[in-house]
Amino acid sequence: MSKIWEFFENMDEIVYTTDMDTHQIVYMNPKACKAYGVRSLDEVKGKKCYEVLQNKTGPCDFCTNDCLRPGEFHEWRYFNPFIGKNFALKDTVIEEGSRQYRMELAIDMTVQEEQRRTIQKYTTNESMINEGLRLALAEPVPNQSIEVLLDYLGRHLEGERVYIFEDNGDGTLDNTFEWCGMNVTPQKEALQKVPFEVVSHWYEAFHKNENIIIKDLEGIREEDPLAYEYLKPQNIKTLVVSPLLDNGRIIGFYGVDNPPKAFLDHISTLFWIVGHFIVSMLNRLALVNRLEKLSMYDQLTGLGNRHAIGEYENKLDPGESIGILYCDVMGLKQINDTQGHQAGDELLLRACESLERQFGDYALFRIGGDEFLGICKGIGEQDLARRIRLLEEDMEENRAPMALGSIWKPEYAGQMSELLEEADSKMYEDKRRRRQEEEAGFLGREIK
């Protein structure tokens, strides 16, 4: 489990995990330890969660364990009287072997309340900002919060378009969120991988704690031709852009196109305030995406896990052809026992590589310690057989022996469990055949 917890060590959100059967704490990140006055994880590991987190002598009557499901998130709010904090909570289940662990992400809403009180000093913006944040934070997931906030800003600032650009870390930026007014052409799809050079002058201003205010686009034609060439086709005349700062680091910017000239300075002041909340929402969105990936993907191979199969099954179209490939990595237990688990992991990765080379354009899953599954939506019967032959050659060259079982149907009729059972049965037939051939080969060598 240690690899999983590495995701949360440096997060600015509280994360802790408990054994769902024993209520014992198995992990608290540094942020959680600090919040609860704990010096280190070793101090509380193995103790009951209700003792450490709630100062109770028995399980909490509001415990959410019974309503948690793997691959899903339960969201709720709670005021913890033990430490005097308001929390927005996200709970999910992580499975490791036969054990189930409850992982809880706690967002300290007390800070947001303090920030909201700070905003009240800006009397001209107070009412609008509070209402925008109220609407945004009422949304259940971060991406919806961002979309609602941009919609609110666009309408109340009388702009034509409000947007967010995020730094990709490779010298380019992507337009990741966009709101457009009526009869305004969306630009988001065309504004991906925008070279940093286009906005380099803007970043010079950002580093001086200045926003970009364009009162007449024609005025920058000579002094900033690259930006002008990008903005002109978008029919931009006026613009306000503000940096998005995360712990002093610029992670992108957000802006509004074509608001009234009389509002530009007002908007610039407002944007400095709202930018902090947008960064918080972006960070929360990134965290939720990581948590979803953690609960839906196998950590070793990166393939989907059992929970991801159900999500994929819901997207299958009845009446379309389907192929199922069931794979079992041969000899994994023996290698784990004789050479160690690192060697076993290397075998699994080789098997995964072979599978991805031949079936990488279809949905692949790791569904057990030594089992892989391929669901081939829309594949032809001959193509499935051809790819299996190539996979057999590939896994032999790659030293990744697998028993294979496959099934093909001209039309999918929602019978996934039956197809998996049939492919699994054929895989076990292949497994017995391979073992018999190995035993026969071994005996032949002994006789010689």
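Helices here are DSSP runs of H or I with at least four residues, numbered from the N terminus. The model is a predicted one.

**First selection: helix α14**

Select residues 381-397, which form helix α14. How far apart are its end C-alpha atoms? They lie 25 Å apart, which agrees with the 24 Å that 17 residues should span at 1.5 Å a residue.

Next, colour Leu 384, Arg 387, Ile 388, Leu 391, Asp 394 and Met 395, the buried residues of α14. These residues cover an arc of only 125° around the axis, which puts them on the same side of α14. In an α-helix there are 3.6 residues a turn, so residues three or four places apart point the same way. Turn the view to the other side of α14, where Gln 382, Glu 396 and Glu 397 are exposed. Then step just past α14 to Arg 399, whose phi is positive, at about 55°.

Select residues 239-246, strand β10. Seven of its eight residues are buried, so β10 is largely enclosed by the rest of the structure.

Within β10, Leu 239 is the bridge partner of Ile 214.

Centre on Val 241 to find Gly 255 of β11 opposite. Finally, move to the turn of the hairpin formed by β10 and β11, where two residues lie between the strands. Asn 247, in this turn, has a positive phi of about 55°.

Key. Residues are numbered from 1 along each chain as its sequence is written. This is a predicted model: local features need pLDDT of at least 70, side-chain atom pairs count only at pLDDT 80 or more; totals for chains, interfaces and linings use all residues. Side-chain values use heavy atoms; hydrogens and water are left out. The expected span of a helix is 1.5 Å times one less than its number of residues. Buried means under 20% relative accessible area, exposed over 50%, partly exposed in between (1.4 Å probe, protein chains only). The arc is that of the directions from the helix axis to the C-beta atoms. Two strands pair if DSSP finds at least two bridges between them.
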